[in-house]
Amino acid sequence: MADSREDSEPAYVSRWKEATTGFDRVRSVASSLEEPRTAGWIADEAHVSEPTTRNHLERLVDLGVLVTDESARGKTYYPDPVYTRLTAIQELVAENSETDLTQQATAIQADIETWKAEYDVESPRSLRASVTDDISVEDAQQRLRTAADWESAQYQLSLLRDAIDHYETYTARPPASV
């Protein structure tokens with residue numbers, strides 16, 4: 001007889017569970033967190049029992065993928081920012097030539113310059129502050145979306161600059177031994 005929980009879960013959850021392991025789901029949920037979360041919250045999102053989720057989370061902490069914190073809610077987990085950044089740089093270097101990285105950085109820098117000129121501000125923070133100006137609700141919402149895009153672009157640009165600045169170091173391989 002099938003578990004009543006499995007009978008009531010959406011089809012996409014069933015497919016996700018069939019295609020992945022519990023560890024994969026816990027890692028996927030925990031790696032995409034934008035704020036610290038408890039093991040119980042992550043277990044619910046990953047569709048894994050809480051005790052098993054705790055074991056997987058502690059393994060990810062030991063591997064340096066996650067960091068923990070104690071809060072009023074209990075122990076919380078969050079992606080390690082250093083691990084996250086280095087993994088992103090590793091992917092950029094593995095998937096792009098130095099020329100590709102430079103072209104991507106140039107395109108992002110052009111987007112930022114466009115936003116500066118369009119809104120006559122120097123930063124996403126200044127753009128957010130401008131929503132108090134006498135503008136329509138739609139304009140205010142657009143400015144908030146653009147500020148979020150701008151911050152994301154700045155982060156991506158910082159990754160690209162790091163990848164470009166250290167491209168030779170990151171792509172160097174030791175000589176084969178004879």
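User: What percentage of the 178 residues in the protein do buried residues make up?

Analyst: Buried means under 20% relative accessible area, exposed over 50%, and partly exposed in between, with a 1.4 Å probe and protein chains only. Here buried residues account for 29% of the 178 residues. Some ground rules come next. This is a predicted model, in which local features need pLDDT of at least 70, side-chain atom pairs count only at pLDDT 80 or more, and totals for chains, interfaces and linings use all residues. Residues are numbered from 1 along each chain as its sequence is written, and side-chain values use heavy atoms, with hydrogens and water left out.

User: How many helices and strands does the secondary structure come to?

Analyst: Helices (H or I, at least four residues) and strands (E, at least two) are DSSP runs, numbered from the N terminus. This protein has ten helices and three strands. Along the sequence the pattern reads α-α-α-β-α-α-β-β-α-α-α-α-α.

User: Why is the protein described as more spread out than a compact globule?

Analyst: Compare the radius of gyration, taken over C-alpha atoms, with the globule rule: 2.2 Å times the number of residues to the power 0.38. The protein has a radius of gyration of 22 Å, well over the 16 Å that the rule gives for 178 residues, so it is more spread out than a compact globule. Its C-alpha trace spans about 70 × 65 × 35 Å along the principal axes.

User: What share of contacts join residues at least 24 apart?

Analyst: Contact means heavy atoms within 4.5 Å. Take contacts between residues at least 6 apart in sequence: 55% of them join residues at least 24 apart.

User: What is the strand order in the sheet?

Analyst: Two strands pair if DSSP finds at least two bridges between them. The three strands form an open sheet in the order β1-β3-β2, with antiparallel pairing. β1 (37–38) and β2 (66–71) are at the edges, each with a single partner strand, so one side of each lacks a neighbour in the sheet.

User: Which residues pair up across the strands?

Analyst: Start with β2 and β3 (residues 74–79), joined by six bridges. Asp69 has Thr76 of β3 as its bridge partner. Thr68 stands opposite Tyr77, and Leu66 stands opposite Pro79. A hairpin of two residues links β2 to β3. On the β1 side, two bridges join β1 to β3. There, Thr38 has Thr76 as its bridge partner.

User: At what angle do helix α3 and helix α4 pack?

Analyst: Axes are lines fitted to C-alpha atoms, for helices over the stretch in contact; angles run from 0 to 180 degrees between N-to-C directions. Helix α3 (residues 22–31) and helix α4 (residues 39–46) pack at about 120°, with axes 9 Å apart. From α3 come Arg25, Val26, Val29 and Ala30; from α4 come Trp41, Ile42, Glu45 and Ala46.

User: Where do α6 and α9 meet?

Analyst: The axes of α6 (residues 81–95) and α9 (residues 137–165) come within 9 Å and cross at roughly 65°. In α6, the contact uses Arg85, Ala88, Ile89, Leu92 and Val93. In α9, the partners include Tyr155, Leu159, Leu160 and Ala163.
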